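Here is a brisk report on one chain. Please keep the sequence and the model in view while reading.

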Amino acid sequence: MTGKNNPMWLNGAKKKPYPKQFSNWLKNRIKQRDEYICYLCNIEHKIALKENLSVHHIDYDKNNCNEKNLITLCKSHNAKVNTNRKYWKQYFENIIDAYLYSFKYTESF
Ligand SMILES: [Zn+2]
């Protein structure tokens with residue numbers, strides 16, 4: 001195997017890998033919770049653009065996989081929130097509080 005298909009490739013990657021608990025299962029769960037809607041553009045990506053959705057870590061800590069720290073964004077917005085981090089963290093914390101409150105969120109890890 002060569003290049004990206006080589007398991008050793010990870011060692012050369014610039015980004016830190018995501019922790020195990022940030023699994024596809026968890027990502028799908030968050031997307032489902034958020035009804036496949038990007039919180040910033042409010043567009044439902046369920047049908048055509050399902051693949052275009054990312055799950056964002058609100059506090060930018062990849063190891064914090066609490067569901068309160070995760071929010072669904074489209075790929076372009078996920079890239080956008082990597083600047084102005086302080087602003088966006090506050091912004092999403094407010095959203096998720098309001099959202100989880102109205103949702104009567106009871107499950108937790
Ligand atoms: Zn978006």
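**Ground rules**

This is a predicted model; local features need pLDDT of at least 70, side-chain atom pairs count only at pLDDT 80 or more, and totals for chains, interfaces and linings use all residues. Numbering starts from 1 along each chain as its sequence is written.

**Confidence**

The predictor's confidence in each residue is pLDDT, on a scale from 0 to 100. The chain averages 79. A pLDDT of at least 70 is reached by 69% of the residues. Among the elements, β1 has the highest mean pLDDT, 94. Helix α3, residues 85–103, has the lowest, 85. One stretch calls for caution: over residues 6–13 pLDDT stays under 50. For residues 6–13 the model has four contacts beyond four places in sequence.

**Layout**

Three helices and two strands make up the secondary structure. They run α-β-β-α-α from the N terminus on. Helices (H or I, at least four residues) and strands (E, at least two) are DSSP runs, numbered from the N terminus.

How many of the 109 residues count as buried? The share is 17%. Buried means that 20 or more other C-beta atoms lie within 10 Å of the residue's own; exposed means 12 or fewer, and partly exposed is in between, with C-beta atoms placed from the backbone.

Two residues are in contact if their C-beta atoms, placed from the backbone, lie within 7 Å. Take the contacts with a separation of 6 or more: 56% of them join residues 24 or more positions apart.

**The strand pair**

β1 and β2 pair in the antiparallel sense, over five bridges. Pairing requires that DSSP finds at least two bridges between two strands. Leu-70 in β2 is the bridge partner of His-57. Cys-74 in β2 is the bridge partner of Leu-53.

In β1, four of the five residues are buried. In β2, five of five are buried. In a regular strand the side chains alternate between the two faces of the sheet. Both faces of β2 are covered. Leu-70, Thr-72 and Cys-74 are buried on one side, Ile-71 and Leu-73 on the other.

**The core**

Nonpolar side chains tend to be buried together in soluble globular proteins. A nonpolar core is a set of buried Ala, Val, Leu, Ile, Met, Phe, Trp, Tyr and Cys residues joined through C-beta atoms within 7 Å. Here the largest one has 13 residues. Which residues have the most contacts inside it? They are Cys-38, Ile-71 and Leu-73. β1, β2 (70–74) and α3 each supply at least two residues of this core. The largest share, four residues, comes from β2.

Leu-73 has contacts well along the chain. Leaving aside neighbours within four places in sequence, Leu-73 is in contact with Cys-38, Tyr-39, Leu-40, Ser-54, His-56, Asn-78 and Val-81.

**The loop between α1 and β1**

Asp-34 sits in the loop between α1 (24–33) and β1 (53–57). Beyond four places in sequence, Asp-34 is in contact with Ile-71 and Thr-72. The C-alpha atoms of Asp-34 and Leu-70 are separated by 10.0 Å, although the two residues are 36 apart along the chain.

Glu-35 lies in the loop between α1 and β1. Most residues other than glycine have a negative phi. Neither residue is a glycine, yet phi is positive in both: about 55° for Glu-35 and about 60° for Tyr-36.

| Residue | C-beta neighbours inside 10 Å | Class |
|---|---|---|
| Lys-27 | 17 neighbours | partly exposed |
| Asp-34 | 18 neighbours | partly exposed |
| Glu-35 | 10 neighbours | exposed |
| Tyr-36 | 18 neighbours | partly exposed |
| Ala-79 | 11 neighbours | exposed |

Lys-27 is found in helix α1. Lys-27 and Val-55 are 28 residues apart in sequence, but 6.1 Å apart in space, C-alpha to C-alpha.

Ala-79 lies in helix α2, residues 75–80. Why does Ala-79 count as exposed? Because it has 11 C-beta neighbours inside 10 Å.
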